[in-house]
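Let's take a friendly walk through this model, starting with its aromatic rings and moving on to its ligand.

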Amino acid sequence: MTAPRLDIDLDKIHHNASLLVHRLAKRGISVTGVVKSTLGCPEIANTLLRAGVLTLGDSRLENIEALRHAGVHATAALIRSPMPSQAERVVRSANFSFNTEIAVIRALSRSAQNARRTHGVVLMVELGDLREGIMPADLHTSVRETLSLPNIALLGIGTNLSCRSGVVPDDHNMAELSTLANSVDAAFSDQLKPGLAMISGGNSANLRWALGDTEKGRINNLRLGESILLGCETLHRQPLAGLHTDAISLVAEVIELKTKPSKPWGTIAQNAFGEMVQSVDRGRVHQAILAIGRQDVDPDGLIAPSGVNILAASSDHLVAEISANRIRVGAEIRFGLNYSALLRAMTSPFVSRAMKRSRASPELFEHYTAA
Ligand SMILES: *Cc1c(COP(=O)(O)O)cnc(C)c1O
């Protein structure tokens, strides 16, 4: 098989998604399946839909367009505030979008009128992480302006924590979001019937709070990406009980295998990436070079199998020390990935994908090469 490649086990992704969907449903919370790390992969999107996610979410319009092109017609949300220059395309491909700027919502309104469509809007509120969001004191103004725009439907409010500053979702900030939802419903009861439908509490970092025993208030949606694909929560990157953490792995091929000194010789200056490399003389080591590099993956996010120790990576070469001389040139080595490594591997044109699926289709293996 080709290398480097991502081996994607759709059955394990299905298991992860459906377990989270069921656990959260017991607390009245629906799941938006966030597929932005998959570059609009229709097999993964369809797997999430079969597992019961309510809608798909992506931060890039191009990925939603790719899903539409591949025949995925489920409700899809653009979860990053739209670029005004893309308003027409947003209205054409996404059913709704997450917004913080009235200028953008006005552009969406104009485009929706031209397209004779209604576009849904979720207003994002800033609750401390300092990424996107309307300041709470300004929310009513934004709601009033949004409600006044033709061909725009206000679906709900949401917040995003943890991504920029690591702010932890807790009873305090989630209660604040519920209180804001209640105050919007009370202040706009004439125009908003029967009130805000979606109160989207956050991303995979919210799972600990959402699955905990405290009151959920108005929170009825989470947007989950990493936890479904990698099986871990994202505050401490701990595996989630019952979920697979190896649904996706990366395979690379050995192209050189030699016993070499561990310490370079000659005069030492910066390496290819501007670093001054310090090295200790550990005698001679078994050194392997794998045909994969920083163009394909974030090497710091690779989890090596036992007996393999990653030493360095340049654009196209991954240098590893191996404990025994058992492997040969041409052998494949399989790595686990963190989110950063997954993101880059999924978006590299040099990394192919092999989908494994038993439940949904009779073909066991199906090849899919990234465009
Ligand atoms: C990426 C993203 C998510 C999903 O985050 P995960 O940590 O992958 O669950 C949710 N909401 C927004 C706004 C995002 O940008």
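The structure holds 1 aromatic pair, where rings of Phe, Tyr and Trp (its six-membered ring) pair if their centres lie within 6.5 Å. Phe96 and Phe98 form this pair, with 6.0 Å from centre to centre and 35 degrees between the planes, a tilted arrangement (under 30 degrees would count as stacked, over 60 as edge-to-face). Phe96 counts as buried because its relative accessibility is 5%, and Phe98 is buried too, at 2% (buried means under 20% relative accessible area, 1.4 Å probe, protein chains only).

As for provenance, this is a predicted model in which local features need pLDDT of at least 70 and side-chain atom pairs pLDDT 80 or more, while totals for chains, interfaces and linings use all residues. Residues are numbered from 1 along each chain as its sequence is written, and side-chain values use heavy atoms, without hydrogens and water.

Now to the ligand. Around the ligand (a heavy atom within 4 Å) are Val34, Lys36, Ile79, Arg131, Glu132, Asn160, Asn203, Ser204, Arg223, Leu224, Gly225 and Glu226. This shell divides into 3 nonpolar, 4 polar and 5 charged residues, with Gly counted as polar.

| Side chain | Distance to its N or O atom |
|---|---|
| Lys36 | 2.8 Å |
| Arg131 | 3.2 Å |
| Ser204 | 2.5 Å |

Taken alone, the ligand exposes 390 Å², and the protein buries 94% of that (Shrake-Rupley method, 1.4 Å probe).

Technical notes
A polar contact is a pair of N or O atoms within 3.5 Å; within protein, one must be able to donate a hydrogen and the other to accept it, and residues adjacent in sequence count only if both atoms are side-chain atoms. Buried means under 20% relative accessible area, exposed over 50%, partly exposed in between (1.4 Å probe, protein chains only).
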